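Subject: A structure to look through

Dear colleague,

I am handing over the structure below, together with notes on what was found in it. Please keep it open while you read, so that you can follow each point on the model itself.

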Amino acid sequence: MNAEAYPTAGLASSSVSALAAMKGVFARDMKVAFRQKQDLLNPLLFFIMVVTLFPLGVSPEVSFLSEAGAGILWVAALLSVLLSLDHLFRHDFDDGTLEQLVLQPQPLFLLILAKTLAHWMLTGLPLVLLTPILGVMVHLDGNSIAVLCLTLLIGTPILSLIGAIGAALTLGLRSAGVLLSLLIIPLYIPVLIFGTGTVAAATEGAPVGAYLALMGAFLMLALTLAPFAAAAALRISLSNG
Amino acid sequence: MWQIFHKLGSPKWFFGISTRFMPWLLVGGVLLLLAGAIWGLAFAPKDYLQGNSYRIIFIHVPAAFLAQSIYIMMASAAIVTLVWRMKLADMFVKAVAPVGLVLTFLALFTGAVWGKPTWGTWWIWDARLTSMLILLFLYGGVIALDRAITDDKSAARAVAVLVLVGVVNIPIIKYSVEWWNTLHQPATFKLTEKPSMPAEMWVPLLLSVLGLYLVFGWLACIRMQTEILSREQRTRWVKELVMKGKS
């Protein structure tokens, strides 16, 4: 199923530049993902269904939905990213490709960054693209939807990057899925607060530049630090097995 | 200096030295706590606005203070675990995480009890309350991960990574008061500033905080000793110690 080898694996030397290795990992992950299309669709379907639960379960009133809509979409996006995280390393771990990845001469954190980027392109980005449709369904106004999409565009990569740490830590453990949620949700809370805070400010007509800049700073922080933590965690998990 | 460093890494040395100063920690801590509590509950003046209900501060503030401070101590120990692989450091993290969890819960609980008469509600989604709740989750995550990994060494290192990642939350938690749009209740008390309360109130509070620190030190030692005994049970000195205890 998953036997697409890493392009760098056969070369087994440092003659492949780190950038080329990253590109190879990224392309390989995309290719493998598109061979199992259902796995790509599942988080998206989950996203839509969770959003559907709120109007039906809480209240279909326009006044409630337009106020809570951004939060609902953010929470749903957060949960679908969480749901998809298990796939980030699991298949590669099961068939041994992950060990080959760790053995590459290129720095592991760069390869993990490439994997995480692929994960975001496959889950986070589609969620952002779906958001305008669902935003209209929860009666958000145009401006709020635009800001919401922007916050999700900045926010979902942060979710993927932090999630990679959790996925690496829980690799190969029993009931890893629940444990992963327990570890990662507290770390997601600040991102959620700022994401929804930005949209709330936009709905009130306040300027959102500062909020977006802060989220951008979060993204930079996650982009630079999370791959290191994930690489360390991955090495620990692999030495465990 | 390096000698101390090596000694610190030795569970046997720690077991011996901690056995010697643990009684002092316990006695000192209990005395300070008692002094703080009796002074605070019985003799400190009544608050002109909140009446006697404010007296829960003598439990609430020490618990909240320790809860955050324990996390920072755990993070320092986590660095030591990852960099120098010192056994004692990872035992410390493992031993104190449940203590931190309990104190965080205590801080939240006493806060709720205090909130009812003064704010008129048990709970509001205020930045400070929420941030303590996140801290509670972080402690829970650390304990859960530690229990999930069976191998002691991998568990210690994985937990250390998690603790360090969680540290990112601490400044966010601290400044969320200013960042997050909310009906925020300003902090009632800060140790960094000159207290806005008379000395008869803050001195007993300080005593309680110090007392709780000492009791925490004792708890950390005894929990680490238990951990040492279970991990080193195959070594000769532990066997001898246990045999001596039996006879």
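The buried residues of α1(A) pack against α6 (108-137) of chain A, where a residue is called buried if 20 or more other C-beta atoms lie within 10 Å of its own, exposed if 12 or fewer do, and partly exposed in between, with the C-beta atoms placed from the backbone. The buried residues in α1(A) are Ala21(A), Met22(A), Gly24(A), Val25(A), Arg28(A) and Asp29(A). Seen down the helix axis, these buried residues of α1(A) fall within an arc of 160 degrees, so they line one face of the helix; the arc is that of the directions from the axis to the C-beta atoms. An α-helix has 3.6 residues a turn, so residues three or four places apart point the same way. On the face of α1(A) turned away from the buried side sit the exposed residues Leu19(A), Lys31(A) and Phe34(A). The length of α1(A) can be checked as well: its 18 residues (18-35) should span 26 Å at 1.5 Å a residue, and its end C-alpha atoms are 26 Å apart, which agrees. The expected span is 1.5 Å times one less than the number of residues.

Before going further, please note that this is a predicted model, in which local features need pLDDT of at least 70 and side-chain atom pairs count only at pLDDT 80 or more, while totals for chains, interfaces and linings use all residues. Residues are numbered from 1 along each chain as its sequence is written, and chains are lettered from A and ligands numbered from 1 in the order in which they are written.

As a whole, chain A has 9 helices and 0 strands, both being DSSP runs numbered from the N terminus (H or I and at least four residues for helices, E and at least two for strands). For its 241 residues, a compact globule would have a radius of gyration near 18 Å, and the 19 Å of chain A agrees with this; the radius is taken over C-alpha atoms, and the globule rule is 2.2 Å times the number of residues to the power 0.38. Along its principal axes, the C-alpha trace of chain A spans about 60 × 35 × 30 Å, and 46% of the residues in chain A are buried.

How many residues of chain A are in contact with chain B? There are 21, and they meet 21 residues of chain B, two residues being in contact if their C-beta atoms, placed from the backbone, lie within 7 Å. The elements that give two or more residues to this side of chain A are α7 (142-169), α8 (176-203) and α9 (209-240), and α8(A) gives the most, with 11 residues. The residues on this side divide into 17 nonpolar, 3 polar and 1 charged; Ala, Val, Leu, Ile, Met, Phe, Trp, Tyr, Cys and Pro count as nonpolar, Asp, Glu, Lys and Arg as charged, and the others, Gly among them, as polar.

The largest nonpolar core has 137 residues, of which Ala233(A) and Val93(B) touch the most other members. Such a core is a set of buried Ala, Val, Leu, Ile, Met, Phe, Trp, Tyr and Cys residues joined through C-beta atoms within 7 Å. Its largest share, 15 residues, comes from α7(A). Leaving aside neighbours within four places in sequence, Ala233(A) is in contact with Ile165(A), Ala168(A), Leu169(A), Ala158(B) and Val161(B).

His139(A), in the loop between α6 and α7 of chain A, has a positive phi of about 60 degrees although it is not a glycine, and with 17 C-beta neighbours inside 10 Å it counts as partly exposed. Val96(B), in helix α4 of chain B, is buried, with 23 other C-beta atoms within 10 Å, and its C-alpha atom is separated by 8.0 Å from that of Leu219(B), 123 residues apart along the chain.

With best wishes
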